[in-house]
Amino acid sequence: MKTSEKLIQRYCAAERINHWIVAVCFVLLAISGLAFFYPAFFWLTGVFGTPQLARIVHPFVGVVMFLAFARQFFRYAHHNLINKEDVTWMMSVKEVMKGNEVGDIGRYNGGQKGMFWVMVLCMILLLVSGVIAWRPYFAGYFPIPIIRVALLVHAASALVLIASIIVHVYAALWVQGTIRAMVEGVVTHAWARKHHPRWFRQVTGKETGH
Amino acid sequence: MALQSLDILRRSATPTPTPQARNPQEVAKLIDTTVCIGCKACQVACSEWNELRAEVGTCVGVYDNPTDLSSQAWTVMRFNEVEEKGKLEWLIRKDGCMHCADPGCLKACPSPGAIVQFKNGIVDFHQENCIGCGYCISGCPFNVPRLSPADSKAYKCNLCSDRVAVGQEPACVKTCPTGAIQFGSKEDMIEVAQTRITDLQSRGYDQAGLYDPAGVGGTHVMYVLHHADKPALYSGLPDNPSISAVVGVWKGMLKPLATLGVAAAGLFGFFHYITVGPNRADDEDEADHGTPPAPPAQGTKHKERENAL
């Protein structure tokens, strides 16, 4: 074990398990969902064995994802309230893209908070529209024009979520040392000091030397 | 699979063209509501030929029985009493799939080959490819397809495609005792309808006409109506049916938009990484804050590198 590394716990085991349940569900749902959306990708229904099985299983996995995400919502919502600093961050996103830090960032930056609320919105839309379109159990209780809107909303919000998750995954890869937070649960002092200085001070009681 | 004699014009969830060389003539079923006596022989013939048995229902106070289409009832007679020009009229309509030229069910279906449109105009469901999502139900402007509770697959009238393939008329046509249902080439059926409409108009039904709605590209099941100006009188036959705009956006514009959005996100990440490069938290900070084994020299070196960047 390296003694040189000073580490901070960012996500406990329960949080990590919770995250990866959502992540695995998302991947399965995105693959099967894209199969239902793009005729040329229909073969991706094979992720659940057969097209019929994919149609049957997809909504149940969706419910698991929603419930697991709801747990995450209650874990993180209070960390994701958007303040003035986050707006500044969002306005300066060009600087951020160049790899420069903007502002005295706490546990999450403006981009992460924005991502959080986009995910929340998509998850709610997906659940509601998904239940309305869910055959054979629920769709029969809704008028056809409502089901049509639900199908459109379901596809549109799923695609927004897929594009967002690509950004989410890329951000985690780009900012090196981030994946470790969700795999091992820890980040280095250097990582925290650079990307989340205010959070670093809060958890260590140290000054960041700015 | 389809019989060889039934060439396929369109196939659900299939982006490339189907074989297009042969051009069989379009067929149509003409239902003359002005001749129909509501005997339901067509329902029975349909049930017999297609080996369907709807559950025996109960009388609900009107003649409709079964009261709605189902996976076991591909056609039902709908009875409606209306007062037109101070006279009571009993309007009877044989409901079922209209076999649209522009089928909403086929447009909505995500499963390749679960719905096909034959070149003769018949729209057929191939249940072995059906995944039971019910998108066809949402796509249909006439509210016709029904999921079977037994197998969660969608069913509807197939215009007896198996009979038509071997040169016979659909079972309902064969059995109709009054000749209210006729079958032939679409061209011929329009001609038959026109003769009948001229006759009806000469006998006081000045709004008599043919129901072959252009909003769905015309249909391969057409009605002669005494009140063609008010199709809704016939148990809610839509005035001007077309594929819902919502379904149009979902199955149309959203696809290229989604492709652009998802591709943009992925490509942005790739090009950002190979141009800007990874965002690293430098190790020298560890040294600055007293991590034991990191020598100060290394820290300086890192600082220099940072400055160079």
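Predicted model: local features only at pLDDT ≥ 70, side-chain atom pairs only at ≥ 80, totals over all residues.
Q: What is the chain doing over 20-44 of chain A, helix or strand?

A: Residues 20-44 of chain A are 72% helix and 0% strand.

Q: Which domain does UniProt annotate on chain A, and which residues does the annotation cover?

A: The unreviewed entry has "domain: Cytochrome b561 bacterial/Ni-hydrogenase" over residues 11-185 of chain A. Across residues 11-185 the chain is 71% helix and 0% strand. The end C-alpha atoms of that range are 5 Å apart.

Q: How many helices and strands in chain A overall?

A: Chain A has nine helices and two strands. Read from the N terminus, the order is β-α-α-α-α-α-α-α-β-α-α.

Q: What box do the C-alpha atoms of chain A fill, and what share of residues is buried?

A: Along the principal axes, the box is roughly 60 × 40 × 30 Å. Of the 210 residues in chain A, 33% are buried. Taking contacts in chain A between residues at least 6 apart in sequence, 58% join residues at least 24 apart.

Q: How is chain A divided into domains?

A: Domain 1 of chain A is 11-79 and domain 2 is 81-210. Their C-alpha centres lie 16 Å apart. The contact between them takes 17 residues from domain 1 of chain A and 17 residues from domain 2 of chain A.

Q: Which elements supply the domain 1 side of that contact?

A: α1 (13-37) and α2 (51-76) of chain A each supply at least two residues to the side of domain 1 that touches domain 2. α1(A) gives the most to that side, with seven residues. By residue type, the domain 1 side divides into eleven nonpolar, five polar and one charged.

Q: Switching to the chain contact. How many residues of chain B are in contact with chain A?

A: 45 residues of chain B are in contact with 41 residues of chain A. On the chain B side, the elements giving two or more residues are α3 (135-139), α7 (245-251), α8 (254-275) and α9 (284-288). α8(B) gives the most, with ten residues.

Q: How does that chain B side divide into nonpolar, polar and charged?

A: The side of chain B that touches chain A has 24 nonpolar, 15 polar and six charged residues.

Q: Now the sheet in chain B. What is the strand order?

A: The order is β9-β2-β11-β10 of chain B, four strands in an open sheet with mixed pairing. β9 (181-185) and β10 of chain B are the edge strands, each pairing on one side only. Neighbouring strands of the sheet are turned by 25° against each other on average, direction ignored.

Q: What packs on the sheet?

A: Helix α6 (residues 186-202) of chain B packs on the sheet and touches β2, β9, β10 and β11 of chain B. The direction of α6 makes about 135° with that of β9(B).

Q: Parallel or antiparallel for β2(B) and β9(B)?

A: Antiparallel, over five bridges. One bridge partner pair is B:A28 with B:G184 in β9(B).

Q: And which way do the strands pairing with β11(B) run, parallel or antiparallel?

A: Strand β2 (residues 27-32) of chain B runs parallel to β11(B), joined by four bridges. Strand β10 (residues 209-211) of chain B runs antiparallel to β11(B), joined by three bridges. In β11(B), B:Y223 stands opposite B:I31, and B:Y211 also stands opposite B:Y223.

Q: Why is β11 of chain B described as largely enclosed?

A: Five of the five residues of strand β11 (residues 221-225) of chain B are buried, so the strand is largely enclosed by the rest of the structure.

Q: Which residues are on each side of β11(B)?

A: B:V221, B:Y223 and B:L225 are on one side, with B:M222 and B:V224 on the other. These residues are all buried, and both faces of β11(B) are covered.

Conventions:
Residues numbered from 1 in each chain as written. Chains lettered and ligands numbered in written order. UniProt positions renumbered as here; feature names shortened; annotations may be inferred. Contact = placed C-beta atoms within 7 Å. Nonpolar A, V, L, I, M, F, W, Y, C, P; charged D, E, K, R; others polar. Buried ≥ 20, exposed ≤ 12 C-beta atoms within 10 Å, placed from the backbone. Pairing = 2+ DSSP bridges. Domains from an automatic or database assignment. Axes fitted to C-alpha atoms, helices over the stretch in contact; angles between N-to-C directions.
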